[in-house]
Amino acid sequence: MSGRAQLMWDEAVTGYDFGPSHPMDPVRLDLTRRLVGAFGLDRELEIVAAKPAGESTLRLVHREDYIDAVKAVSADPACADGSYGLGTVDDPAFAGMHEVSALIAGQSVGAAEAVWRGDAEHAVNFAGGLHHAMPGGAAGFCVYNDASLAIARLLELGAERVAYVDVDVHHGDGVQAAFWTDPRVLTVSLHEHPRTLFPQTGWPEETGAGAGEGAAVNVALPAGTGDAGWVRAFHAVVPELLAEFRPQVLVTQHGADTHFEDPLAHLAVSLDAQRAVQVACHELAHEYAGGRWVALGGGGYAVVDVVPRSWTHLVGIAAGKPVPPEAVIPEGWRRDVFARTRQLGPQRMTDGRWPVSWASWEEGYDPADRVDQAVLATRRAVFPLRGLLP
């Protein structure tokens, strides 16, 4: 294994554009890439533009009739009528939709291939993490499910155990659905409770089916959960499961929409807590997966203040050159922000909450605490299925 990290990047991914009024503004990808460069992380990584996912790869997860439908609206957006989830408010049709969606998927598949083959120890695709797309339909701003495709490619290459950990504010429903009955894939999602947020799934009782029973894990956190509760919940569930599962590869999804500034959700997590969980994922990959780590982006709609900083931290951690939380953001990047958005960019790589303080699960359970109630519900639902004490 080379040990050198890869950053999957093709500027054409910024063509994943649902239009000027849509919250998923592709400027977040461009600004992240520029901030990575502003901190000199390019010199610490191999920048790779993978080829788009071909139809045989897409069919590892998606139905052929759905792929054909995406191609049709890609060629003629006016023909989209809402079938297959295409042409909806969440997923408006646009010219080139198939091509750019396949390109984003190709970056995640390429990342998985590089890590499995030992060309890289870690690989990051912050344009990816489109975890809501289903085998037969688009959903939640997601056309092709690059995370599921990366995992499916790892299985095709011979992986026997792949762990997927999703810390986006929304439930990773598409990835869970793709591997619902597959014991080779452990899916763990920490998200805002389905009572208060799309897609209204991800209850602790959702644990998989058939041979995959016990391989789906959901931590449904109450609205308003902040840093201490969020990080505590992560550590109360994820490390113990990974220790039992012994994954050969760890795939993680790092949607930045858990942040207190995000306009589409209701958690109260800081950039510093997001960074703390990114660090933890890196450490868990080394502890339990031989260092093989594929890290993806995801949601995040505070496109200037939050997303570029969060994912630049992720890239730095993967590159082995983590950006200090107190680091001052280069003025050149802030000028780029103003030129692109007419907004003022943040000045530092922190929300002022580093180091993040949290209490481990071993220190005791508080029956009156709603986060602890959520964690215990998850542990009771799934841990005994895996031979673990709740």
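In this report Ala, Val, Leu, Ile, Met, Phe, Trp, Tyr, Cys and Pro count as nonpolar, Asp, Glu, Lys and Arg as charged, and the others, Gly among them, as polar. The model is predicted: local features need pLDDT of at least 70 and side-chain atom pairs count only at pLDDT 80 or more, while totals for chains, interfaces and linings use all residues. Residues are numbered from 1 along each chain as its sequence is written, and side-chain values use heavy atoms, with hydrogens and water left out.

**Empty space**

Rolling a probe the size of a water molecule over the atoms shows where empty space is left. On a 1 Å grid over the protein atoms alone, a cavity is a set of points where a 1.4 Å probe fits but cannot get out; a pocket is an open set with protein on both sides within 12 Å along at least five of seven lines, and lining residues have an atom within 4 Å of a point. Grid points are joined across faces, edges and corners, and a volume is the space filled by probe spheres set on the points.

The whole structure holds three cavities of 30 Å³ or more. About 60 Å³ is the volume of the largest cavity, and its lining includes Val13, Tyr16, Asp25 and Arg28. That lining has eight nonpolar, no polar and two charged residues.

The largest pocket has a volume of about 270 Å³. It is lined by 14 residues, of which His193, Arg195, Ala220, Arg370 and Ala374 are the closest to its centre. By class, the pocket lining has seven nonpolar, four polar and three charged residues. Helix α11 (residues 370-382) gives the most to this lining, with five residues. Helices (H or I, at least four residues) and strands (E, at least two) are DSSP runs, numbered from the N terminus.

Asp372 also lies in α11. Its relative accessible area is 3%, so Asp372 is buried (buried means under 20% relative accessible area, exposed over 50%, partly exposed in between, with a 1.4 Å probe and protein chains only). The side chains of Asp372 and Arg232 make a polar contact at 2.8 Å. A polar contact is a pair of N or O atoms within 3.5 Å; within protein, one must be able to donate a hydrogen and the other to accept it, and residues adjacent in sequence count only if both atoms are side-chain atoms.

**Strands**

Two strands pair if DSSP finds at least two bridges between them. Strand β5 (residues 185-192) pairs with β6 (residues 216-221) in the parallel sense, over six bridges. Ser189 has Asn218 in β6 as its bridge partner. Six of the six residues of β6 are buried, so this strand is largely enclosed by the rest of the structure. In a regular strand the side chains alternate between the two faces of the sheet. In β6, Ala216, Asn218 and Ala220 are buried on one side, and Val217, Val219 and Leu221 on the other.

**Backbone exceptions**

Most residues other than glycine have a negative phi, and most peptide bonds are trans.

| Item | Kind | Angle |
|---|---|---|
| Phe198 to Pro199 | cis peptide bond | omega near 5° |
| Trp354 to Pro355 | cis peptide bond | omega about -5° |
| Arg246 | positive phi | phi about 55° |
| Arg342 | positive phi | phi about 60° |

Pro199 is in the loop between β5 and β6. The loop between α10 (331-341) and α11 holds Pro355 and also Arg342. With 59% relative accessibility, Arg342 counts as exposed.
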